[in-house]
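Please go through the structure shown here and answer some questions on its charges, contacts and domains.

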Amino acid sequence: MQILDGKALSQKITAHVAGEVKALKAEGITPGLAVMVVGDDPASHAYVGMKAKMCKNTGIYSIVHEMPDDISQEKILETIAMMNKNPNINGILVQLPLPSHIDEEAVLGAIDPTKDVDGFHPCNAGKLVLGMEGFAPCTPLGVMELLNEYNIDPKGLDACVVGASNIVGKPMMNLILNKFATVDICHIHTKDLKAHTSRADLLIVGVGKINLITEDMVKEGAIIIDIGINRNEEGKLVGDVDYANVSEKCSFITPVPGGVGPMTIAMLMQNTITAAKQRD
Ligand code: NAD
């Protein structure tokens with residue numbers, strides 16, 4: 001069994017991004033990322049903090065808009081409109097989830113698609129489905145980079161994606177389908193999860209349930225990607241896969257932490273550079 005080391009690859013990518021930022025700055029372009037966070041959810045603030053820190057490390061200019069929980073939708077849309085117009089900002093990210101009184105679709109749809117570095121705008125989601133150039137969401141994009149780094153070609157593989165959210169499962173499905181995997185996608189209403197997972201050469205799980213995938217649900221020699229992030233009873237970060245037992249049976253596996261997580265931020269930096277290079 002080989003570990004897919006997302007931490008090492010993310011460091012390689014961010015070092016490359018830092019080099020690109022330097023080159024862009026020499027041409028008079030400073031890539032800029034604006035991040036908006038609404039409310040005081042500690043996890044959201046922790047993610048935003050990590051993103052801002054990585055911007056600093058790579059030389060990307062960043063601003064964080066922190067907004068109170070009771071902010072109006074109008075004010076959020078106004079701020080997005082301002083960032084859309086700001087020539088110093090190449091990428092815009094709205095940290096999810098948003099408070100329940102805010103229409104998430106309207107907010108994500110208000111971001112200029114050319115600055116949509118999280119890839120959640122319907123325009124970019126549509127491009128992904130059609131296999132066109134655009135911004136793909138950072139977490140599934142990070143999975144694709146990891147597969148590529150370890151020379152794992154999805155072409156012809158029987159793949160199973162567990163979890164079908166707009167930000168993880170669905171774009172993940174599209175990215176591997178675009179690389180010619182044969183894809184099953186499972187969700188909370190799937191009748192017999194094991195029937196799907198146990199056929200998969202490539203099993204990608206992003207649900208948010210500890211030990212959802214156990215050894216008996218996995219094909220011998222399968223490639224396992226664990227996107228889930230959970231805290232167990234001891235407060236330790238764990239994924240959705242029973243790592244200790246499944247790792248005995250598979251060919252490749254991502255650890256949690258140190259697998260997909262660090263890749264997400266690295267891809268955000270990479271998408272921001274792409275947006276800066278494509279600016280008018
Ligand atoms: P979500 O709650 O929006 O979606 C969960 C999906 O799992 C849904 O499609 C649901 O139908 C499905 N599901 C729920 N229970 C199931 C079950 N018993 N069997 C099969 N499917 C089931 O969550 P999300 O935002 O997509 O995030 C999923 C997980 O990925 C979470 O643990 C989250 O923390 C993690 N995540 C990690 C990163 C990262 O950088 N590594 C980024 C985003 C999300």
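The questions and answers below concern a predicted model.

Q: What are the bounds of domain 1 and domain 2, and how far apart do their C-alpha centres lie?
A: The domain assignment places domain 1 at 28–117 and domain 2 at 138–261. Between the C-alpha centres of these two domains the distance is 28 Å.

Q: Is Phe 135 buried or exposed?
A: Phe 135 sits in the loop that runs between helix H5 (122–130) and helix H6 (138–149). Buried means under 20% relative accessible area. Phe 135 has 5% relative accessibility, so the residue counts as buried.

Q: How many Å separate the C-alpha atoms of Phe 135 and Leu 93?
A: Along the chain, Phe 135 and Leu 93 are 42 residues apart. Their C-alpha atoms are separated by 12 Å.

Q: Is Asp 40 buried or exposed?
A: Asp 40 belongs to the loop between strand S2 (32–38) and helix H2 (42–58). On the surface, Asp 40 gathers with Asp 41, Asp 69 and Asp 70 in a patch of negative charge. The cut-off for exposed is over 50% relative accessible area. With a relative accessible area of 65%, Asp 40 is therefore exposed.

Q: How many salt bridges are there?
A: A salt bridge is counted where a side-chain nitrogen of Lys or Arg is within 4 Å of a carboxyl oxygen of Asp or Glu. By this rule the count is 6.

Q: Which helices are linked by the pair Lys 12 and Glu 149?
A: The side chains of Lys 12 and Glu 149 form a salt bridge, at 2.7 Å from N to O. The two residues are 137 residues apart, so the pair links distant parts of the chain: helix H1 (residues 6–26) and helix H6.

Q: Which helix holds both Glu 78 and Lys 75?
A: Glu 78 and Lys 75 form a salt bridge whose closest N and O atoms are 3.5 Å apart. Glu 78 is partly exposed at 43% relative accessibility, and Lys 75 is partly exposed at 39%. They are 3 residues apart, about one turn of the helix, and both lie in helix H3 (residues 73–85).

Q: How many residues apart in sequence are the parts that Lys 219 and Asp 201 tie together?
A: Lys 219 and Asp 201 meet through their side chains in a salt bridge of 2.7 Å, N to O. Lys 219 is in the loop between strand S7 (202–205) and strand S8 (223–226), while Asp 201 is in the loop between helix H8 (193–197) and S7. The pair therefore ties together parts whose separation in sequence is 18 residues.

Conventions:
Residues are numbered from 1 along each chain as its sequence is written. This is a predicted model: local features need pLDDT of at least 70, side-chain atom pairs count only at pLDDT 80 or more; totals for chains, interfaces and linings use all residues. Side-chain values use heavy atoms; hydrogens and water are left out. Patches are made of residues with over 30% relative accessible area and no salt bridge: like charges are joined within 9 Å, nonpolar side chains (Val, Leu, Ile, Met, Phe, Trp, Tyr) within 5 Å. Accessible areas come from the Shrake-Rupley method with a 1.4 Å probe; for residues, only the protein chains shown count as cover. Lys and Arg count as positive and Asp and Glu as negative; His and the chain ends are not counted. The place of a charge is taken as NZ of Lys, CZ of Arg, CG of Asp or CD of Glu. Helices (H or I, at least four residues) and strands (E, at least two) are DSSP runs, numbered from the N terminus. Buried means under 20% relative accessible area, exposed over 50%, partly exposed in between (1.4 Å probe, protein chains only). Domain bounds come from an automatic or database domain assignment.
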